[in-house]
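Here is a short note for a colleague opening this entry for the first time. Please read it with the model on screen.

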Amino acid sequence: MITLDSSYSTQTLTPERIWLNCLKIIKENVSPMAYSTWFLPIKPVGCQNNILMVELPGNFHWEWIEEHYKSLITKALKSAAGDEAKLEYVVVNDFEQEPEKTKAHQSQQPVKKQENSFFPQQKPVEKIKNSLNPKYTFDNFIKGEGNQLARAAAGAISENPGGTAFNPFFVYGGVGLGKTHLIQAIGNEILLKLPGKKIIYLSSDQFTVEFLDSIQNNKANEFSAYYRAMDVLILDDIQFLIHKEKTQEYFFNIFNTLHQSGKQIILSSDKAPKDLKGMDERLISRFHWGLQADIQPPDYETRIAILSKKANDFGIAISNEILEYIATNITSNIRELEGCLIKLLANVSLNSKEITLELVKKSVREISTSKKINIGIDIITKITCEFLSVEENKVRDKTRKQEVVLARQLSMYLSKELTKSSLKTIGLHFGGRDHSTVIHACSTIDLLLQKDKSFKETLVSIKNKIELACS
Ligand code: ADP
Ligand code: MG
């Protein structure tokens with residue numbers, strides 16, 4: 001209950017004093033947790049003509065207060081500073097900005113300022129970037145034996161997110177089999193049917209990067225609160241959280257909050273939960289709460305159906321003989337089926353070539369030899385460490401022993417050379433090191449390669465082993 005009398009005047013009170021009086025009232029009306037999360041970070045910064053200016057640490061903070069505590073703050077302010085009192089807010093920053101920008105603004109003037117009576121009606125920026133790619137829909141997802149269960153569950157979830165037994169929904173399977181497509185299609189379908197739902201899609205790598213940025217900027221609470229406020233959280237490639245204990249811990253808490261409040265959680269992984277070695281057991285047990293559905297490589301009929309549909313979408317006419325040739329020779333990966341068609345399309349449109357069986361055979365051969373795009377940082381690290389007889393987990397911790405440092409630097413170097421991962425992502429795989437460490441590792445290895453012929457041979461042998469393992 002709000003009890004303070006309204007004998008205060010903004011002329012006689014400092015902003016700090018007014019805000020303190022507001023806080024007294026607010027404290028009596030909210031839980032201690034809400035008080036310290038949402039109200040303590042607010043700073044009074046000025047007071048003029050019956051207007052109290054307060055600084056909020058971010059847009060998300062503002063949105064939360066606007067949604068949940070607007071009337072409480074209004075009443076508190078009127079009690080603390082009189083009926084005429086108004087509030088002007090200043091939003092300093094938010095954690096979604098580039099880290100450089102965030103730092104740059106911290107000691108400067110606030111970046112956003114909006115004048116209005118009390119809280120403005122219009123949002124300062126559109127906050128929820130769901131990152132869904134609209135091209136992934138149920139319509140263009142071909143059903144087959146291999147994805148039947150996953151597809152059916154995805155449909156049910158999109159009708160009733162959070163309201164089915166499939167929560168969390170855990171989709172797993174090999175690379176290029178349609179996990180990302182399917183889980184994004186759920187998000188897109190929900191957006192279509194229930195446009196008010198707050199949906200976020202992101203890969204676990206992005207999640208980790210955002211989490212670490214938030215820690216650096218002292219915004220970990222805000223980070224958590226942001227994800228906890230979602231109706232649907234879609235996290236792709238959860239295997240990237242392996243060995244990232246701190247990120248897993250925050251994810252665990254977000255998971256619990258969402259699950260308890262009936263919000264939908266959708267996850268994908270390259271392995272079944274039980275095979276996620278290095279993932280917190282508590283998380284693994286929670287992954288079992290809902291439905292786990294695997295996606296298997298498509299059978300022959302599904303491959304033909306996918307090829308026909310995609311050829312049609314690309315606007316290229318292909319004979320049955322050629323479709324059958326591709327479906328017989330590319331068997332394990334839908335991305336490769338698609339890649340083959342794109343190669344044919346390029347030949348037809350850029351080189352004005354006809355699609356002959358010869359041309360198709362060449363494209364299929366090229367796809368098989370370019371399989372190294374599937375090489376991942378983990379397998380690089382595993383093989384490099386085996387080769388140098390170094391324990392794999394040592395390269396992720398702080399050990400500075402010479403042979404461990406060499407294995408770490410070589411793994412980083414090869415990850416840069418053989419994968420498309422960014423320096424930041426590579427650094428994260430090695431115990432959360434930053435990109436400058438990766439740059440340093442690469443230049444050290446470059447120097448060694450120039451100086452030492454036998455080292456070069458070692459590197460070539462490791463590289464061959466990796467490519468063999470991934471072919
Ligand atoms: P994953 O996430 O399992 O590695 P993706 O979802 O990225 O695989 O799928 C790879 C490509 O194959 C994408 O372009 C996707 O649209 C396509 N694809 C996968 N499964 C299907 C399917 N069942 N029907 C149509 N296209 C598919
Ligand atoms: Mg994917």
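How many bridges join strand 7 to strand 8, and in which sense do the two strands run? Four bridges join them, and the strands run parallel. The points below place that pairing in the rest of the predicted model.

1. Ground rules. This is a predicted model, where local features need pLDDT of at least 70, side-chain atom pairs count only at pLDDT 80 or more, and totals for chains, interfaces and linings use all residues. Residues are numbered from 1 along each chain as its sequence is written, chains are lettered from A and ligands numbered from 1 in the order in which they are written, and side-chain values use heavy atoms, with hydrogens and water left out.

2. Overall make-up. The protein has 20 helices and nine strands. Helices (H or I, at least four residues) and strands (E, at least two) are DSSP runs, numbered from the N terminus. Of the 471 residues, 48% are buried. Buried means under 20% relative accessible area, exposed over 50%, and partly exposed in between (1.4 Å probe, protein chains only).

3. Contacts along the chain. Take contacts between residues at least 6 apart in sequence: 74% of them join residues at least 24 apart. Contact here means heavy atoms within 4.5 Å.

4. Two strands count as paired if DSSP finds at least two bridges between them.

5. Strand 5 (residues 169-173) pairs with strand 9 over five bridges, in the parallel sense. Val171 has Ala293 of strand 9 as its bridge partner. Strand 5 also pairs with strand 8, parallel, over four bridges. There, Phe169 stands opposite Ile266.

6. Strand 8 itself. Why is strand 8 (residues 264-269) described as largely enclosed? Because six of its six residues are buried. Both faces are covered. Gln264, Ile266 and Ser268 are on one side, with Ile265, Leu267 and Ser269 on the other.

7. Strands 2 and 3. These run parallel and are joined by six bridges. Leu52 has Leu87 of strand 3 as its bridge partner. Strand 3 is mostly covered, with five of its six residues buried.

8. The cores. In soluble globular proteins, nonpolar side chains tend to be buried together. A nonpolar core is a set of buried Ala, Val, Leu, Ile, Met, Phe, Trp, Tyr and Cys residues joined through side-chain atoms within 4.5 Å. The largest has 30 residues, and Ile26 and Phe39 have the most contacts inside it. Contributors of at least two residues each include helix 1 (15-29), helix 2 (32-39), strand 2 (51-56) and strand 3 (86-91). Leaving aside neighbours within four places in sequence, Ile26 is in contact with Trp19, Tyr35, Phe39, Leu72, Ile73 and Ala76. Another core, of 28 residues, lies apart from it; among them are Ile200, Leu202, Met230 and Ile265.

9. Cysteines. The structure holds zero disulfides (pairs of cysteine sulfur atoms within 2.5 Å). Cys47 is partly exposed at 25% relative accessibility, while Cys385 is buried at 1%.

10. Tyr413 sits in helix 17 (residues 402-418). Is Tyr413 buried or exposed? Tyr413 is buried, with a relative accessible area of 12%. Not counting residues up to four places away in sequence, Tyr413 touches Cys442, Ile445, Asp446, Leu449 and Leu459. Gln206 is in helix 8 and counts as partly exposed, at 38% relative accessibility. The C-alpha atoms of Gln206 and Leu235 are 9.4 Å apart, with the residues 29 apart in sequence.
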